[in-house]
Amino acid sequence: MSGRDRFVVVGLARPRSTWFADVGRWSTGATLPIDFRKCVSPAELRAHLQSPTALSALLVDGGLGVVDLDLVAAATAAGCAVLVVDDGRRRADWRSMGVHAVLPEQLEPGALLEALVDHATPVRRADGPVPEPAAAALPRTWRGRLVAVVGAGGSGTSVTSMAVAQGLGADPRHRGRVVLADLALDADQAVLHDVGDVVPGVQELVEAHRSSTPSAEEIRDLCFADPERRYALLLGLRRHRDWTTLRPRAVGAAVDGLRRAFTAVVCDCDPDLEGEEACGSVDIEDRNVLARTAVAEADVVVVTGRPSPQGVHRLVRLLGEVRRLGVTPARILPTVVAAPRAARSRAELSAAIHSLERPDGADPVNPVLFLPERRRLDQLLVDGRPLPTPLATAAAEAVHAVIQQAARSAARSTPVEPVPIRPGTLGSWTEQEATG
């Protein structure tokens, strides 16, 4: 590091933190080659991270509740290595959050300089933004299947998600590890299941993933078991406005946590999928983070609609929204709820949906799934009884077929990498061996 190189470090700590004052003295006294910029609030810290000024590292007090997945991601996007000073009083999984180094509260100049040299990039006076430091690669473990069910209001989305979860739960391949997660802003699954409670739910699950990685058992403890329906239930938001407490990356980690704890995760989602790129509003994207996260990551996206002109119009429009979110057609399953039983009527509906939703030159989505009208369905929900077995089985089998077909398509499209072969490892074939 040349004489013109210095580490530009932005820091935030609790009031009267000894190490925070020490770093300031080391900076002003030239004990360390750092330019230390103190912040007095999380808002000031985020302003530094969003500024065009080149930064080397974020030095933050681990005891602050502000340190979570979203702050670490914002710092990494700004080119900062994230260094946490941990006093051991807060239970947090710093490695899973993407923190580059953890320093003791009794901070020494040598330890800080070593962490900066290992993980941060010094800034020269003429330098522009610092390249983003490489994050430590985390091991990718097994994940369960994720099914997102979306549809316009009144199209049977909640009941369809219940049917899919019940059908998958009855499948012995899932060993009873199926969960129905209510990710709608106006959550109804608690009423449909007559849970009689409001906590815990998705808010507690997301909060648990802000600064740590809960175990599979801890995640299952946040869900309500329904032995008769053979799946667990994760309650949704208690009030529509509670979406303001959710942070995007914590939501992503929570959905991933469900996939670690269950073999199949069925999500009841809203049809609003707009993001900042579509409407220019970060707030709208944050409001829709539950649905956007589930749909973007899902192995299968079930899009529901009714067999009416308005229902088909809403279904086709939502299929376009799902495509624009980046979901491949092979993972999209259009579903008509309360479908007519006549084969001719079903054929007309299928032809209309496929002709209207398919953009020019684009691949078609999967064939339409028709779920017939079921009498006394509302009475079954009032009585707290499972849905009819044929309905649940049909929904689950269609979802499983889409998963299998998408897996085969991905395998065919994945190029096979050549494998180098060491001389002598394949044996030999000579004329003498052939005749002998």
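## A residue in strand β12

Leu333 is part of strand β12. In this predicted model, Leu333 has a relative accessible area of 4%. Because buried means under 20% relative accessible area, Leu333 counts as buried.

Which residues does Leu333 touch, when those up to four places away in sequence are not counted? The list consists of Val300, Val301, Val302, Val303, Asn366, Pro367, Leu369, Ala398, Val399 and Val402. Thr304 can also be placed relative to Leu333: the two are 29 residues apart in sequence, and their C-alpha atoms are 8.6 Å apart in space.

Ser155 itself belongs to the loop between β6 (145-151) and α6 (157-169).

Is Ser155 buried or exposed? Its relative accessible area is 4%, and Ser155 is therefore buried. Apart from neighbours within four places in sequence, Ser155 is in contact with Thr304, Gly305, Arg306 and Val337.

## The second largest pocket

The volume of the pocket is about 600 Å³.

Which element gives the most to the lining of the second largest pocket? Helix α6 does, with five residues. At least two residues each come from α6, β12 (332-339), β13 (369-372) and α16 (377-383). By residue type, the lining of the second largest pocket divides into 15 nonpolar, nine polar and ten charged residues.

## Helix α1 and its cover

Helix α1 spans residues 18-28, and its buried residues are Trp19, Phe20, Asp22, Val23, Gly24, Trp26 and Ser27. In an α-helix there are 3.6 residues a turn, so residues three or four places apart point the same way.

The buried residues of α1 are covered by elements that include the strands β1 (7-12), β2 (34-39), β3 (57-61) and β4 (81-86), as well as the helix α5 (109-119).

## Particular backbone features

In the loop between β1 and α1, Arg16 has a phi near 65 degrees, a positive value in a residue other than glycine. Arg16 is exposed, with a relative accessible area of 80%. Just after α1, Ala30 takes a positive phi of about 60 degrees.

Arg376 has a phi near 55 degrees, which is likewise positive in a residue other than glycine. Arg376 is located in the loop between β13 and α16. Its relative accessibility is 67%, so Arg376 counts as exposed. A further backbone feature is the cis peptide bond that joins Val199 and Pro200, with omega about -5 degrees. Pro200 lies in the loop between α7 (189-192) and α8 (202-208).

## The protein as a whole

The secondary structure of the protein comprises 18 helices and 13 strands. How much of the protein is buried? Of its 436 residues, 48% are buried.

Among contacts between residues at least 6 apart in sequence, 75% join residues at least 24 apart. The accessible surface of the protein is about 21,900 Å², and carbon and sulfur atoms account for 52% of this area.

Conventions
Residues are numbered from 1 along each chain as its sequence is written. This is a predicted model: local features need pLDDT of at least 70, side-chain atom pairs count only at pLDDT 80 or more; totals for chains, interfaces and linings use all residues. Side-chain values use heavy atoms; hydrogens and water are left out. Buried means under 20% relative accessible area, exposed over 50%, partly exposed in between (1.4 Å probe, protein chains only). Helices (H or I, at least four residues) and strands (E, at least two) are DSSP runs, numbered from the N terminus. Contact means heavy atoms within 4.5 Å. On a 1 Å grid over the protein atoms alone, a cavity is a set of points where a 1.4 Å probe fits but cannot get out, and a pocket is an open set with protein on both sides within 12 Å along at least five of seven lines; lining residues have an atom within 4 Å of a point. Grid points are joined across faces, edges and corners, and a volume is the space filled by probe spheres set on the points. Ala, Val, Leu, Ile, Met, Phe, Trp, Tyr, Cys and Pro count as nonpolar, Asp, Glu, Lys and Arg as charged, and the others, Gly among them, as polar. Accessible areas come from the Shrake-Rupley method with a 1.4 Å probe; for residues, only the protein chains shown count as cover.
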